[in-house]
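Biologist: I would like to learn how to read a few local features. Please take them one at a time.

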Amino acid sequence: MIFLLLLSFLAQGGELGFRLEGPVPASTLWLVETWDWEAWTLAVYAEGTPFPPTFRRANLKLTWNLDQLTISPELFLLGSGRVDLFFTGSAKGSASFLGINTTFHAGMKGGWVGVNIAPSPILVAWSAIRLEKGKLSAELNLDGPSPWRPSLAFSLGSVAINFGSTIFLTVSHEEGMRTGSSGLQIFPSPTQFHTLRWNWEKADFQIFLASSGQIWAKAMVSEGNLASSAFFSRSPGGNFQAVLEVRLSF
């Protein structure tokens, strides 16, 4: 908590946020700060619990941004005293041939969990390639490596189908401030779901309904540098959750 207050005095620009959750009472206070020097970006994230005042975790990330390449070392400090160290690299590119636009993105994150206790190495990797021509698009994603998890998505206008750990078909429609979509999950279990969204100049409202019994709604209002949101959900088992957030950008 003291670390959060110290960073707020040194603030040059970033975000200060507060989250309140229920029905089991829980609260979170966080602060994000960024500094830019040409191709370098330093980001500091600190998080704590205001009631009672406790430190939860902090994150220090230095990013080197090139035209098509990003490299980032990242340090985590947890309230328990554990220190994690990670290195992330990602690359992206795009090309066009015979009217087909192609975009590519790949990345890898590796490091150690608990470097000051008992270091445990981790490694994750991902890649995506997307082809677009007119209203038709195809996207292949691959996440791994333990195990590798591929997914393939096709869309034609407002109709899209996804093949992966789940297989589902969605149809969307947009009219003015209203956007709606309906879908059918085919695998692993048949499920219908519907999403409705209303967007105004300073407000946004979304609601999600599924035949499995899952329901959630989210409302967001913004005014200048201040944004607030409320999220309510009910799981198929009947469990209820509410999350209220306030964010201040400066």
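Biologist: Which residues make the nonpolar surface patch?

Modeller: Patches are made of residues with over 30% relative accessible area and no salt bridge; like charges are joined within 9 Å, nonpolar side chains (Val, Leu, Ile, Met, Phe, Trp, Tyr) within 5 Å. A salt bridge is a side-chain nitrogen of Lys or Arg within 4 Å of a carboxyl oxygen of Asp or Glu. Areas are Shrake-Rupley values with a 1.4 Å probe, and for residues only the protein chains shown count as cover. Here Trp37, Trp40, Leu62, Trp64, Leu66, Leu69 and Ile71 form a patch of about 610 Å². Strands E4 (54-65) and E5 (69-78) each give two or more residues to the patch; strands (E, at least two residues) are DSSP runs numbered from the N terminus.

This is a predicted model: local features need pLDDT of at least 70, side-chain atom pairs count only at pLDDT 80 or more, and totals for chains, interfaces and linings use all residues. Residues are numbered from 1 along each chain as its sequence is written, and side-chain values use heavy atoms, without hydrogens and water.

Biologist: Is Glu245 buried or exposed?

Modeller: Buried means under 20% relative accessible area, exposed over 50%, partly exposed in between (1.4 Å probe, protein chains only). Glu245, in strand E18 (residues 240-249), is buried because its relative accessible area is 14%. Trp64, in strand E4, is partly exposed at 32%.

Biologist: With which side chains does Glu245 make polar contacts?

Modeller: A polar contact is a pair of N or O atoms within 3.5 Å; within protein, one must be able to donate a hydrogen and the other to accept it, and residues adjacent in sequence count only if both atoms are side-chain atoms. The Glu245 side chain pairs with that of Arg19 at 2.7 Å and with that of Arg247 at 3.1 Å.

Definitions and conventions: Helix = DSSP H or I, 4+ residues; strand = E, 2+ residues; numbered from the N terminus.
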